[in-house]
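Q: Please examine the model below, then go through its local features, its ligand shells and its domains, with the criterion behind each term.

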Amino acid sequence: MNDLRKKVQIKELISAERNKNFEEVVIGYSEEEAVSESQRCLNCKNPMCVKGCPVNVPIPDFIEKIKERKFNEAYKIIKTENFLPAVCGRVCPQEKQCEGNCIRNKTGDSVSIGKLERFVSDYYSVNEENTAEKNNKKIAVIGSGPAGITCAGELAVKGYEVTVFEALHIPGGVLSYGIPEFRLPKKIVENEIDKIKNLGVKIITNVIIGKSMTIDDLLYDGYDSVFIGSGAGLPRIMGIPGENLKEIYYANEFLTRVNLMKAYKKDSETPIKIGKTVTVIGGGNVAVDSARTAKRLGAEKVFIVYRREEIPAREEEIIHAREEGIEFILLTSPVKFIGENGFVKAVEMVKTKLLESEKSGKKDFCEIEGSNYLFETDTVIIAAGQTSNPIISSVTPGLKIYGNGKIFADSETNQTSIKKVYAGGDAVTGAATVISAMEAGKKAALAIDKYFKNEPETV
Amino acid sequence: MYRIIKKVILNNDVTMMEIHAPFVSRRCEPGQFIILRVDENGERIPLTITDYNREKETVTIIFQKVGLTTKKLGLKSENDYIQDFAGPLGNPAPINIKNKRVLGIGGGVGIAPLYPQIKKLKEAGCITDVILGGKTGEHIILKNNFSEISDNIYFATDDGSLGEKGFVTDILKKTELSYDLVIAIGPLIMMKSVTDITKKYNIKTNVSLNPIMIDGTGMCGGCRVTVGGKTKFACVDGPDFDGFEVDFKECMERQTVYDEKHICFMGAK
Ligand SMILES: Cc1cc2nc3c(=O)[nH]c(=O)nc-3n(C[C@H](O)[C@H](O)[C@H](O)COP(=O)(O)OP(=O)(O)OC[C@H]3O[C@@H](n4cnc5c(N)ncnc54)[C@H](O)[C@@H]3O)c2cc1C
Ligand SMILES: Cc1cc2nc3c(=O)[nH]c(=O)nc-3n(C[C@H](O)[C@H](O)[C@H](O)COP(=O)(O)OP(=O)(O)OC[C@H]3O[C@@H](n4cnc5c(N)ncnc54)[C@H](O)[C@@H]3O)c2cc1C
Ligand code: SF4
Ligand code: SF4
Ligand code: FES
């Protein structure tokens, strides 16, 4: 018998080879491996794991079905709470959520909940039909990221007629243009979106709400309610000298060219230019994804420079990045970019230290005077965060915003300051996670449904 | 998919197309642009909306064939389809009818985006003069359209085949320079030269910037330009800017990232 304290190891591509291609790094469990891993679950009476999952997937219940080899039934159980399980199984920060809370985590490895979720989703291939009775209410959803897609799906199965408007030519939001192929194959995203379309959701691409039409137009056109899931698509400008030199990219430009415009393919018509040494500024998932992508495009040396000590990216990806040869330079921050002939040549860095005064519990940092030094590089990718895009808020009178242009939404219902207009996901919270965006989409869908159920009949 | 309703070849390099695009035609205004992809694996390229018809749900684009995408687009015929056509993007041109006397300056295919702005100003009752420049008389597009909406029209060509031999700025220097507003659209070097002159006379000058773009919604930051010492995204903050504030040197540098490829799209100098 295996040591039940240890999880069944997952198969992965070899790091020295995979850092040259865009194939998915994690291969996934076989049926036998999945069943074997499922047997580690204690089917807790009071499952802590579920509390850690923002959408409360009935984790022990679906894992029980894996034990019984009823994989399709396991899928259906997950699907009751989660519209994009194949995505979540791959990208959720499980170590901070479900798995972090798993009782087994105390004495050994947690149950590989994410990997099991992924296994069942990849296994399931039945096309669901939407049997809900139509209720003749029309809903417009803005943005086809996880928030919008979840809201659309939840409403469709309740009988609403849902149309999703997407600014780009491909739906999926960050899942399509941000998270790279080797972590989340675009085929998987397409499949998940096809399932949503199968429920009767209409997705219209190339429509920019706020430009092509306004929220008022949508309501005027007969939509009964609107959900805004427009994400946090606006890179934060660092505002340090030399930022506009050539071969300094914001991560969004870099990743969009590679993912959405498929610059990683040899015959691509939309190439991206990178040098031998690539320096990535930032420490989140965006930074780690940019670094690993640069490596795969042929960079010899790739550095991640982060001003704090602990990288906030997903744990598994930090490990993968190290294996692939990405180097981390911590407690360091750029102060200036230095160019030659208009191209970036070096970054002036300064060392930072964490401040001890932690009243708020949050460690702050400061620059160490006189610790500046020059760091040579051919390319820089800035992944220093993003804020909400103002396209919608700037043309929607009455739509309350806060912070850096984030859309205000009620924390219970996700309703905005405008009646019948809801919002959720990164547009409301600022850059967060796939699952939190989905949670918001779901909450809004429930609130919209409740609103119409309680609405007095109008003539 | 978006149907090509009409195609007119304006000269060897420049083609006009009218596209059925209901979501664009509904709200578009002069100064705005669209982003299109010709086919499945194509790149996204921005083109200015030259004209629109809200009843017919169409918008007109005029493009110069410079690279792969514009060449592929040029190969399409009437009733063919374009894969993606998104917009309108960018801000409408700041059209202020308090400007009584306006001078429009268009260079190369920049003449196309100039057209809707001058048309709108004329409709608003302004006095509109224009200077149009190109390699040869052939290369000056929309001559007839402009003559309908301009009070005075001047031409400058490299070979002297139409109007004056020389640059649009040679003509500009000879005008009375008594305008309330100058709108210059063309190659960066042309717009820079125009502002060098108009600055001396303190005539407000709007220019239209055209950096490489991807999404056109402010998401990627690829289109950034420095205006008034601040980083701006041309797609959402522009594309029209106060010419006196634009850091032309940086714009020109940034346009040459992919130096192997021809990207100085406006053709004429
Ligand atoms: C590179 C990268 C890696 C990440 N990795 C992870 C990870 O491993 N795990 C994790 O949990 N999270 C990760 N995240 C964060 C996560 O992807 C986001 O929090 C999540 O996608 C937010 O979902 P959303 O639906 O709110 O917005 P988005 O996914 O941003 O989708 C918004 C959509 O709305 C569209 N849109 C915007 N404005 C308009 C408009 N005016 N009209 C029409 N459409 C519009 C956009 O084009 C986009 O398609 C990552 C993010 C990035 C960028
Ligand atoms: C707001 C705006 C309005 C415009 N309006 C018009 C118009 O009305 N008529 C018109 O003819 N043109 C217009 N242009 C210019 C037009 O977009 C370009 O001519 C067109 O993109 C050229 O595409 P191409 O593939 O044919 O040419 P190429 O130059 O061969 O290829 C351009 C593509 O190659 C890559 N590339 C090339 N150079 C660079 C670079 N410097 N940085 C990054 N990538 C690069 C990119 O993927 C880019 O999209 C406008 C541009 C903007 C920004
Ligand atoms: S949705 Fe995410 S947090 Fe919830 S169980 Fe699945 S992997 Fe864990
Ligand atoms: S906490 Fe861990 S062991 Fe308990 S039910 Fe959840 S996954 Fe199974
Ligand atoms: S084109 Fe991407 S931000 Fe302007």
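Q: Where in chain B does Pro239(B) lie?
A: Pro239(B) lies in the loop between α7 (234-237) and β17 (240-242) of chain B. Helices (H or I, at least four residues) and strands (E, at least two) are DSSP runs, numbered from the N terminus. This is a predicted model, in which local features need pLDDT of at least 70, side-chain atom pairs count only at pLDDT 80 or more, and totals for chains, interfaces and linings use all residues. Residues are numbered from 1 along each chain as its sequence is written, chains are lettered from A and ligands numbered from 1 in the order in which they are written, and side-chain values use heavy atoms, with hydrogens and water left out.

Q: What makes the peptide bond between Gly238(B) and Pro239(B) cis?
A: Its omega is about 5°. Most peptide bonds are trans. A cis bond also runs from Gly87(B) to Pro88(B), with omega near 0°, and Pro88(B) lies in strand β8 (residues 84-89) of chain B.

Q: Why is Leu331(A) called partly exposed?
A: Buried means under 20% relative accessible area, exposed over 50%, and partly exposed in between (1.4 Å probe, protein chains only). Leu331(A) has a relative accessible area of 21%, and is therefore partly exposed.

Q: Why is Asn202(B) called exposed?
A: Asn202(B) has a relative accessible area of 62%, and is therefore exposed.

Q: Why is Arg314(A) called buried?
A: The relative accessible area of Arg314(A) is 2%, so this residue is buried. Arg314(A) is found in the loop between β7 (301-305) and α15 (315-323) of chain A. Not counting residues up to four places away in sequence, Arg314(A) touches residues including Arg90(A), Glu95(A), Arg183(A) and Asn285(A); contact means heavy atoms within 4.5 Å.

Q: What makes the link between the side chains of Arg314(A) and Glu317(A) a polar contact?
A: A polar contact is a pair of N or O atoms within 3.5 Å; within protein, one must be able to donate a hydrogen and the other to accept it, and residues adjacent in sequence count only if both atoms are side-chain atoms. The contact joining the side chains of Arg314(A) and Glu317(A) is 2.4 Å.

Q: Which polar atoms of the protein lie 2.8 Å, 2.9 Å or 3.2 Å from an oxygen atom of ligand 1?
A: A polar side-chain atom of Arg183(A) lies at 2.8 Å, a polar backbone atom of Val434(A) at 2.9 Å, and a polar backbone atom of Pro146(A) at 3.2 Å. The protein covers 95% of the 1,000 Å² of accessible area that ligand 1 has on its own (Shrake-Rupley method with a 1.4 Å probe; for residues, only the protein chains shown count as cover).

Q: How many residues surround ligand 1, and which are the closest?
A: 35 residues surround ligand 1, the closest being Val91(A), Ala147(A), Glu166(A), Ile209(A) and Asp426(A); a residue is near a molecule or strand if one of its heavy atoms lies within 4 Å of it. At least two residues of this shell come from each of α9 (146-156), α14 (285-296) and α17 (434-454) of chain A.

Q: Why is α9(A) described as largely enclosed?
A: In α9(A), 11 of the 11 residues are buried, so this helix is largely enclosed by the rest of the structure. Among them are Pro146(A) and Ala147(A).

Q: How many residues of the shell around ligand 4 are nonpolar, polar or charged?
A: The shell has 9 nonpolar, no polar and no charged residues. Ala, Val, Leu, Ile, Met, Phe, Trp, Tyr, Cys and Pro count as nonpolar, Asp, Glu, Lys and Arg as charged, and the others, Gly among them, as polar. Residues around ligand 4 include Cys41(A), Cys44(A), Cys49(A) and Cys102(A).

Q: What domains does chain B have?
A: Chain B is divided into domain 1 (2-89) and domain 2 (101-255), with bounds from an automatic or database domain assignment. 20 residues of domain 1 of chain B are in contact with 21 residues of domain 2 of chain B.
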